[in-house]
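Hi,

Here is the structure I promised to pass on. Have a look at it first, and then read my notes below.

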Amino acid sequence: MAYTIRQARRSEAKPLIGLYSESGCGKTYGALLLAAGFTGDTSKVGMIETESGRGEVFADDPIIGGYQVISMRDDFSPKNYGQAIDLANHSGLGALIIDSASHEWEGAGGVLGMAAANQASGKKGPLVWQQPKMDHQREFMLRLMQTPIPLVIVCMRAKYPMKEVVTNGKKEWTRSTELDPKQSEDILFEMMVHAWIDKNHILHPTKYTKDDLKSIFVEGKMITLQTGQKLAEWSKGIVKPTTPLKPEVPAQANVANQAEEIKQNPQGNGDVLAIRKEYDKGMAIKCPANNKLRPKSDCNTCESKSNCDAWGL
């Protein structure tokens, strides 16, 4: 192979996003929102679907419906995943969702099943795992990382594993408080961003390759279409590297700042002290429009009331 040298380009850094959670936390829906926002066209979104059709439950959704599906059933070997990825590569997709990648590891015909079959046939030691792990790396991981599709989202099932701890000098097993994806231990190393999703569909990122991705995949927020749109801009290099975002000023600190403003400029601020008292009583909010304290009664005439999330309107 003849190699060439060129200047680095942001567009070559394909987003590879890993999402993992327990069942029912919104991996599939979140992945579809992310892909739809990224492509702007749900017909350009493809899914390798291994969940017996559950990945197609959103097919007629007015926001994310209309995506393409490659169904996998019965045999979830790394080679079959590789063939499905190859098919997706030639389908003109703008985003690919693998839902789920856990079957490649622990499903029928997957890596664990291949190792078990080797052991049952009499193989011992390294030979039990040699071919299964080689297939995993060559047929699944390598194709996953080298696909030309601009965005790949890898959904994985997850669990709280058991771990051995020592309590009062005695060893015992307890449930871990850290969620682990059901896949190879090193799969998360290959992701540009990976995150787990809780039962309230809230995202909790556990890795960012670059700090400016923190403004796209925001801790404590849900995945939305806008998340995908921002990621598309980032991948094209439209979003320039910035200094880390300043932490939001807590509400109480903001109240103190406004109190200081009253001291510095008492004229024209006659109502602010009264508003501050209302805030302390829960009768005022910090308005998202201008970051100032406002009486809740003002919200009744606000044109943005229907979209305001400051206090649950």
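Glu12 counts as partly exposed because its relative accessibility is 47%, where buried means under 20% relative accessible area, exposed over 50%, and partly exposed in between (1.4 Å probe, protein chains only). Its partner is Arg6: the two side chains meet in a salt bridge at 3.8 Å, N to O. (A salt bridge is a side-chain nitrogen of Lys or Arg within 4 Å of a carboxyl oxygen of Asp or Glu.) Arg6 is partly exposed too, with 47% relative accessibility.

Before you go further: this is a predicted model, in which local features need pLDDT of at least 70 and side-chain atom pairs count only at pLDDT 80 or more, while totals for chains, interfaces and linings use all residues. Residues are numbered from 1 along each chain as its sequence is written, and side-chain values use heavy atoms, with hydrogens and water left out.

Back to the charges. The structure holds 11 salt bridges. Another one pairs Asp212 with Lys210, at 3.1 Å from N to O. Salt bridges that share partners also tie Arg6, Arg9 and Glu12 into one network. Asp212 counts as buried because its relative accessibility is 8%, whereas Lys210, at 32%, is partly exposed.

Which residue does Arg157 form a salt bridge with? The partner is Glu51, and the closest N and O atoms are 2.7 Å apart. This pair links distant parts of the chain, 106 residues apart: Arg157 is in strand β5 (residues 152–159), and Glu51 is in the loop between β2 (45–49) and β3. (Helices, H or I with at least four residues, and strands, E with at least two, are DSSP runs numbered from the N terminus.) Glu51 is buried at 9% relative accessibility, while Arg157 is partly exposed at 29%.

Now to a loop. Ser77 sits between β3 (68–71) and α2 (78–89). With 12% relative accessibility, Ser77 counts as buried. Leaving aside neighbours within four places in sequence, Ser77 is in contact with Ala108, Gly109 and Gly110, contact meaning heavy atoms within 4.5 Å.

Finally, the whole chain. There are eight helices and 12 strands, and 40% of the 313 residues count as buried. If you take contacts between residues at least 6 apart in sequence, 58% of them join residues at least 24 apart.

Cheers
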